[in-house]
Amino acid sequence: LEQALARASTGNPAEGRRLHHYLYCSACHGDNGTSPSRNWPSLTGQKPDYVMKTLLDYKQDMRRDHYRKAYVMTRMSRLLSEQQMADLAAYYAAQPAPVVPPTTDPKLAKKGAQLAAQGDDKRGIAACSACHGEHGESGVTPDTPALAGQTPEYFIQAMRMYKQGMRTSDVGGVMRMYAKSLSDTEIQALAHYYASLGSRR
């Protein structure tokens with residue numbers, strides 16, 4: 001895996017853009033990687049190694065958390081070489097962060113901001129910012145994505161899958177452990193907080 005991830009830095013954004021459209025990635029993830037749907041994640045602004053790891057996880061059949069989506073992504077990823085994955089990753093990384101979704105709730109976002117910044121020592125919940133960046137702008141390891149600008153609906157969906165143990169691609173089970181300790185309200189608050197951090201255009 002480390003050798004494959006090292007290739008992420010060799011990606012060609014122009015070739016990645018061509019692949020994004022040629023392989024119809026845009027159908028689910030948007031014209032430039034910003035998803036028009038609350039059911040699919042935006043890929044813009046993600047670090048190359050995160051996109052690379054995610055594609056490798058799909059290719060190796062490690063993502064079975066949502067059958068329909070996993071089936072599509074597993075089939076698509078198997079068409080890609082590691083260099084093509086790197087090219088796609090470079091293209092998405094070169095795009096600006098997703099815009100703030102119109103469904104953002106300021107009150108929930110305020111509650112989520114506190115939990116993201118401070119965590120909860122009593123329940124062993126670390127600050128989300130420790131891994132996902134102070135403003136949700138990037139992860140510090142290949143398995144921690146940028147969260148700024150993702151729609152609340154997609155964020156909630158992903159966290160529920162971690163909480164239920166359906167999504168298992170997190171290294172060391174870290175996200176599954178933290179998600180189990182969060183209430184549905186806290187997950188919603190975090191979702192609206194990170195959504196509110198998207199770019200404003």
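Here are some questions and answers on helices, rings and loops.

Reply: Happy to! This is a predicted model, where local features need pLDDT of at least 70, side-chain atom pairs count only at pLDDT 80 or more, and totals for chains, interfaces and linings use all residues. Residues are numbered from 1 along each chain as its sequence is written, and side-chain values use heavy atoms, leaving out hydrogens and water.

Me: How are the axes of H9 and H10 placed: roughly parallel or roughly perpendicular to each other?
Reply: The axes of helix H9 (residues 152–163) and helix H10 (residues 174–181) come within 7 Å and cross at roughly 100°. Axes here are lines fitted to C-alpha atoms, for helices over the stretch in contact, with angles from 0 to 180 degrees between N-to-C directions. Helices are DSSP runs (H or I, at least four residues), numbered from the N terminus. Angles of 65 to 115 degrees count as roughly perpendicular, therefore H9 and H10 are roughly perpendicular.

Me: Which class describes the pair of tyrosine 91 and tyrosine 92?
Reply: Rings of Phe, Tyr and Trp (its six-membered ring) pair if their centres lie within 6.5 Å; planes under 30 degrees apart are stacked, over 60 edge-to-face, and the rest tilted. The centres of tyrosine 91 and tyrosine 92 are 5.5 Å apart and their planes stand at 55°, so the pair is tilted.

Me: Is tyrosine 24 buried or exposed?
Reply: Tyrosine 24 lies in the loop between helix H2 (13–22) and helix H3 (26–29). Buried means under 20% relative accessible area, exposed over 50%, and partly exposed in between (1.4 Å probe, protein chains only). With a relative accessible area of 63%, tyrosine 24 is exposed.

How values were computed: Helices (H or I, at least four residues) and strands (E, at least two) are DSSP runs, numbered from the N terminus. Angles under 35 degrees count as roughly parallel, over 145 as roughly antiparallel, 65 to 115 as roughly perpendicular and the rest as oblique.
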